[in-house]
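Look over the sequence and the structure before reading on.

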Amino acid sequence: MSEDTQIVSKVLVHECNDDALSVLKKVCTKHNLVGLKVSTGNNTIGLKDASNEIDDVLKSNVDLGAIFLAEEIDQNGVSGTDLCLEIHHTRPELPIFLRVSDKDSAEKFPEDVKSAITGFYHIDGIDALDELINSYICSMYYPVELANGIQDISIDAFHNIINNSDITCDQPYLVKDQIIYGELFSLIPLESDWCRGYMMLQTTENEILELIRSGRTHINSTRPDSRDTNSVLNEITNMIWGGIKSRYFQSSDGPSEAHRTQVPIIVNHAQKHISFGSTEPQLCFKYTLNDEGKKYPNITLYQRLVFNLSWSPEKFAESDKAVDDFVDSGELEMF
Amino acid sequence: MAQILVVDDSATVRNEVSSFIKGHGMTVEVAVDGKDGLDKLKKDPSVKLIISDVNMPNMDGLTMVEKVRGELGNATVNIIMLTTESDPRMKQRGKAAGVKGWIVKPFKGDNVVGSIKKLVGA
């Protein structure tokens, strides 16, 4: 990962006003937001289709940080207020920012619309939009060094468990989404005196089965089953967790018993949602594992870091000793 | 009768380590956690070396070591921990319990095969 790597966030934009779009582009650049534009405003998709298209994006594996809508009705009869209620019902964790045409018009909306909208902004009041973004998308500061380190540790772990693979990682990004990708995920606590939360790895069972069948793991099975897939994900998770612990938690005494609070984690299989109680943005990574021989399909793994219980990045520091230990992994230290 | 007992809850690691050991002409038995490891050692006290993970369900590796030395009174079997843990406090606990050596995962067989053979007397 290069030193100038930034942490980004993907946002969905449904905006038909060119001036507003131009302003949004500048704002996105300023805040490291990657804007994904919904095409409904520029083609012949009707109201129902516009809603469906956004719904399709929400149901896809695009992890989002927020949604930008506009008050005005577009050429297809779709307005942000039409859409916000539906989106908020489906994905209440996603912040929705609505551009209003009149600075004072926010008050005129019905209560249900106002409660679905996270914040209103006007094209002439971009400071307000900056504040909204800082409050709702970039509200948690994640040190880039931490993102770099976790990515390196994870790629190392993948290489140790999975043979003959080229591994790439997208830019790390922040998400407000709480969707579960695939059917298979692992969850392991991350505990130190400066952070408390979880690391989650998500993938599909079929992808791991393919990986085992291709002979790139240490599981020797021609007919692998779910126990085998669990074992592979278990060991990848364990290796990454150990790497993170060695590199970032070793100088820490861990949280005191008095600070060992917990909150329930809710998994909704019907909606494919997992909630950690917090709505703060999660730090995410998307890894793609390519077979060096190019005989087998790519495998995607999503990694999420959710510091829902405690987060004090000002205390974040790498342990020099731990970095030494990390380099020496695999050697036998005799007592 | 196995020379080496590999204790790890991960089938991936059990397969990797035991295949490597067998490939170097040594005999191996596997256990899925500390409790299973203890049972296997009771059944076959002639094991020369235990290679064990630390973080495992039911019984962790260091508790198993303490029970091997304490409950079973087995002071002769050599024990090496193979783990993602590198915390000095954890190593200190292992040393106090009677652990002979510590490997931070990943397992790089070629780096440690000489020591393993020496500990087994092979």
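Q: What radius of gyration does chain B have, against that of a compact globule with 122 residues?
A: The model is predicted. A compact globule of 122 residues would come near 14 Å, and the value for chain B agrees with this. Taken along the principal axes, the C-alpha atoms of chain B fill a box of roughly 30 × 30 × 25 Å. The radius of gyration of chain B is 13 Å.

Q: In what pattern do the helices and strands of chain B follow along the sequence?
A: Chain B contains 5 helices and 5 strands. Read along the sequence, they give β-α-β-α-β-α-β-α-β-α.

Q: Which element of chain A supplies the largest share of the side that touches chain B?
A: The contact draws 28 residues from chain A and 25 residues from chain B. On the chain A side, helix 6 (144-161), helix 8 (226-249), helix 9 (320-327) and strand 14 (332-334) each supply at least two residues. That side of chain A divides into 9 nonpolar, 13 polar and 6 charged residues. The largest share, 11 residues, comes from helix 8 of chain A.

Q: How far apart are the end C-alpha atoms of helix 8 of chain A?
A: Helix 8 of chain A is mostly covered, with 20 of its 24 residues buried. At 1.5 Å a residue, its 24 residues should span 34 Å, so the computed distance agrees. The end C-alpha atoms of helix 8 of chain A are 32 Å apart.

Q: Which residue in strand 5 of chain B is the bridge partner of Met334(A)?
A: Strand 14 of chain A and strand 5 (residues 101-104) of chain B run antiparallel, joined by 3 bridges. In strand 5 of chain B, the partner of Met334(A) is Gly101(B).

Q: Which strand gives the most to the side of domain 1 of chain A that touches domain 2 of chain A?
A: Chain A is assigned domain 1 (8-136) and domain 2 (144-327). In the contact, 11 residues of domain 1 of chain A meet 11 residues of domain 2 of chain A. The domain 1 side divides into 5 nonpolar, 3 polar and 3 charged residues. The most, 3 residues, comes from strand 1 (residues 8-13) of chain A.

Key. Residues are numbered from 1 along each chain as its sequence is written. Chains are lettered from A and ligands numbered from 1 in the order in which they are written. This is a predicted model: local features need pLDDT of at least 70, side-chain atom pairs count only at pLDDT 80 or more; totals for chains, interfaces and linings use all residues. Two residues are in contact if their C-beta atoms, placed from the backbone, lie within 7 Å. Helices (H or I, at least four residues) and strands (E, at least two) are DSSP runs, numbered from the N terminus. Ala, Val, Leu, Ile, Met, Phe, Trp, Tyr, Cys and Pro count as nonpolar, Asp, Glu, Lys and Arg as charged, and the others, Gly among them, as polar. Two strands pair if DSSP finds at least two bridges between them. Domain bounds come from an automatic or database domain assignment. The expected span of a helix is 1.5 Å times one less than its number of residues. A residue is buried if 20 or more other C-beta atoms lie within 10 Å of its own, exposed if 12 or fewer, and partly exposed in between; C-beta atoms are placed from the backbone. The radius of gyration is taken over C-alpha atoms; the globule rule is 2.2 Å times the number of residues to the power 0.38.
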